[in-house]
Amino acid sequence: MKATVLVRPKQGILDPQGDAVTNSLQHLGFAITDARVGRVIDLDLGDSDREQARASVERMCEQLLANPLIESYEIVLRDNGA
Amino acid sequence: MSSRQPRIGVVQFPGSNDDRDALWALAALDAEAVPVWHADRALPDLDAVVLPGGFSYGDYLRCGAIARFSPAMSAVAEFADSGGLVLGICNGFQILCEAGLLPGVLRPNESLSFVCRDVRLRVDRTDTAFTARCAQDQELVIPVKHGEGCWFAGGDLYDELMARGQVVLRYAEPVNGSLNDVAGVVNERGNVMGLMPHPEHAVDPLLGSADGALILASLVDAARDRAPTTV
């Protein structure tokens with residue numbers, strides 16, 4: 001089982017990196033109104049059951065991968081080889 | 001009857017770079033300063049602990065997020081739980097927030113720029129183990145040097161902290177976008193403090209300011225009060 005964890009700044013939380021990217025893209029002429037910058041973490045969980053894998057990755061997010069005060073996370077699971 | 005020098009440990013993480021300055025400053029203020037290795041699971045006999053500045057574990061993932069799981073931090077958390085005095089400076093503050101020993105979180109500076117200069121601070125509370133030598137509303141000049149010092153507390157947390165008097169130091173000028181200019185906070189019990197400015201870099205007038213000595217000497221005083229006296 002493989003997992004991708006997407007960590008994002010929570011809605012309403014100041015994201016200076018996103019603001020800088022917004023400004024740069026607008027400067028380049030792209031018609032965007034907002035950009036938010038987060039983090040991607042790819043995990044290889046070896047041979048594991050899907051539900052166990054999800055529970056395990058959720059614990060990883062709560063303990064280390066995201067700071068729940070300012071960040072939200074999303075877990076995408078896929079089978080090996082997929 | 002005289003009390004012995006208080007023993008104050010300074011934890012050295014991989015990537016700490018202000019540990020030697022902290023050891024030097026504490027010794028200059030008449031403490032016995034003891035280096036503590038991050039891999040040690042137990043602390044030596046100490047009257048206080050300082051978590052120094054630096055870039056522990058390369059600041060990977062989030063500042064302090066990995067250091068908080070180091071073996072020495074388990075011992076520091078137990079030390080704090082039993083009422084021991086703990087001061088986190090800069091990266092040490094970030095580690096204490098990530099560990100849940102202090103409220104809030106330190107985010108990238110609003111400007112996204114690394115800030116490295118002397119800043120003016122105002123002392124909000126003098127009835128703490130870390131600021132007893134300061135006067136109420138005293139202005140201190142102490143250097144900062146950080147890229148992630150923008151302190152934030154969401155929801156009602158800030159109001160709760162104010163009601164409990166946990167905000168101890170504020171910037172007296174714009175520095176990093178910190179919520180209501182908060183520069184230093186204590187935990188509810190008052191035995192753990194974190195601040196972004198570096199008092200250990202300001203203990204001798206030769207270095208531009210000796211105001212940092214007020215904070216570190218307050219800690220040394222409080223640690224001495226806790227040290228067993230010898231006859």
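A few conventions first. Residues are numbered from 1 along each chain as its sequence is written, and chains are lettered from A and ligands numbered from 1 in the order in which they are written. The model is predicted, so local features need pLDDT of at least 70 and side-chain atom pairs count only at pLDDT 80 or more, whereas totals for chains, interfaces and linings use all residues. Helices (H or I, at least four residues) and strands (E, at least two) are DSSP runs, numbered from the N terminus. Two strands pair if DSSP finds at least two bridges between them.

**The sheet of chain B**

β7(B) and β8(B) belong to an open sheet of 9 strands in the order β3-β2-β4-β5-β12-β11-β10-β7-β8, with mixed pairing. Its edge strands are β3 and β8 (139–146) of chain B, each of which pairs on one side only. Neighbouring strands are turned by 25° against each other on average, direction ignored; such angles run from 0 to 180 degrees between N-to-C directions, with axes fitted as lines to C-alpha atoms, for helices over the stretch in contact.

Which strand is largely enclosed by the rest of the structure? That is β11 (residues 182–186) of chain B, because 5 of its 5 residues are buried. Here a residue is buried if 20 or more other C-beta atoms lie within 10 Å of its own, exposed if 12 or fewer, and partly exposed in between, with C-beta atoms placed from the backbone. β11(B) is joined by 3 bridges to the antiparallel strand β10 (residues 167–171) of chain B, where L169(B) stands opposite G184(B). Another 3 bridges link β11(B) to β12 (residues 192–195) of chain B, again antiparallel, and there V185(B) stands opposite G194(B). β11(B) and β12(B) form a hairpin with 5 residues between them, and G190(B) in the turn has a positive phi of about 85°.

V36(B) and G9(B) are 27 residues apart in sequence but 6.0 Å apart in space, C-alpha to C-alpha. Leaving aside neighbours within four places in sequence, the contacts of V36(B) are G9(B), V10(B), V11(B), Q12(B), L43(B), P44(B) and A72(B); two residues are in contact if their C-beta atoms, placed from the backbone, lie within 7 Å.

**A helix with one buried face**

Helix α1 (residues 19–28) of chain B has D19(B), A22(B), L23(B), A25(B) and L26(B) as its buried residues. Seen down the helix axis, they fall within an arc of 165°, so they line one face of α1(B); the arc is that of the directions from the helix axis to the C-beta atoms. These residues pack against β2 (7–12), β3 (32–37), β4 (48–51), β5 (85–89) and α5 (212–226) of chain B. Just after α1(B), D30(B) takes a positive phi of about 75°.

**Chain A**

Chain A has an open sheet of 3 strands in the order β2-β1-β3, with antiparallel pairing. The edge strands are β2 (39–44) and β3 (71–78) of chain A, each pairing on one side only, and the twist averages 20° from one strand to the next. The table sets out the two pairings.

| Strand pair | Bridges |
|---|---|
| β1 (residues 2–9) of chain A and β3(A) | 8 bridges, antiparallel |
| β1(A) and β2(A) | 6 bridges, antiparallel |

A3(A) has L43(A) as its bridge partner in β2(A) and stands opposite L77(A) in β3(A). L6(A) stands opposite E74(A) in β3(A). Helix α2 (residues 50–65) of chain A lies across β1, β2 and β3 of chain A, running at about 155° to β3(A).

Just after α1(A), G29(A) takes a positive phi of about 100°.

**Where the chains meet**

The contact takes 8 residues from chain A and 9 residues from chain B. Helix α1 (residues 16–27) of chain A gives the most to its chain's side, with 3 residues. By class, that side has 6 nonpolar, 2 polar and no charged residues; Ala, Val, Leu, Ile, Met, Phe, Trp, Tyr, Cys and Pro count as nonpolar, Asp, Glu, Lys and Arg as charged, and the others, Gly among them, as polar.
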